[in-house]
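This briefing concerns charged side chains and their pairing. Please view the structure below before reading the notes.

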Amino acid sequence: MLFIQYPACSTCQKAKKWLAEKGISINIRHIVDEAPTKAELTEWIHRSGLPVKKFFNTSGILYKELSLKDKLPSMSEREQIELLATNGKLIKRPLLISDTFVLVGFNIEEWTQTEEK
């Protein structure tokens with residue numbers, strides 16, 4: 001599984017610890033140093049079944065500086081994905097990606113349910 005994180009993020013650290021406690025092997029990728037591409041984001045968003053908005057880091061400084069709360073509703077899905085691909089800090093983290101699922105953010109209940117499937 002691919003685990004995309006920002007190392008200084010406390011939520012990412014909690015998720016990584018949870019995965020280690022479960023004995024789940026992951027490949028770690030830095031969300032800023034190796035930001036997801038437009039093609040990756042497009043695939044993951046569609047595979048997740050979630051709206052593009054769920055992939056935005058709405059509590060991030062950059063999100064607020066760009067006033068994306070007001071701008072996103074008038075943007076197309078393609079435009080939103082292109083924007084996400086411009087800077088890893090715009091993307092909600094962590095991301096956990098396998099062949100069968102894509103999890104966005106660390107929600108322990110959701111991650112536990114996915115692990116049990």
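Predicted model: local features only at pLDDT ≥ 70, side-chain atom pairs only at ≥ 80, totals over all residues.

Residues are numbered from 1 along each chain as its sequence is written, and side-chain values use heavy atoms, leaving out hydrogens and water.

**Salt bridges**
- The whole structure holds six salt bridges, each being a side-chain nitrogen of Lys or Arg within 4 Å of a carboxyl oxygen of Asp or Glu.
- Arg 29 pairs with Glu 40, with closest N and O atoms 2.7 Å apart; Arg 29 lies in strand β2 (residues 27-30) and Glu 40 in helix α2 (residues 38-48), so the pair ties together parts eleven residues apart in sequence.
- Arg 29 also bridges to Glu 34, at 3.8 Å between the closest N and O atoms.
- Glu 43 and Arg 47 form a salt bridge at 2.8 Å; they are four residues apart in helix α2, about one helical turn.
- Shared partners join Arg 29, Glu 34 and Glu 40 into one network.

**Accessibility of the partners**
- Arg 29 is buried, at 8% relative accessible area (buried is under 20%, exposed over 50%, partly exposed in between, with a 1.4 Å probe and protein chains only).
- Glu 34 is partly exposed at 47%, as is Glu 40 at 22%.

**Arg 93**
- Arg 93 lies in the loop between α5 (77-84) and β3 (95-97).
- Arg 93 is buried without a salt bridge, and the nearest side chain of opposite charge, Asp 33, is 12 Å away.

Methods:
Helix = DSSP H or I, 4+ residues; strand = E, 2+ residues; numbered from the N terminus. Lys, Arg positive; Asp, Glu negative; His and termini not counted.
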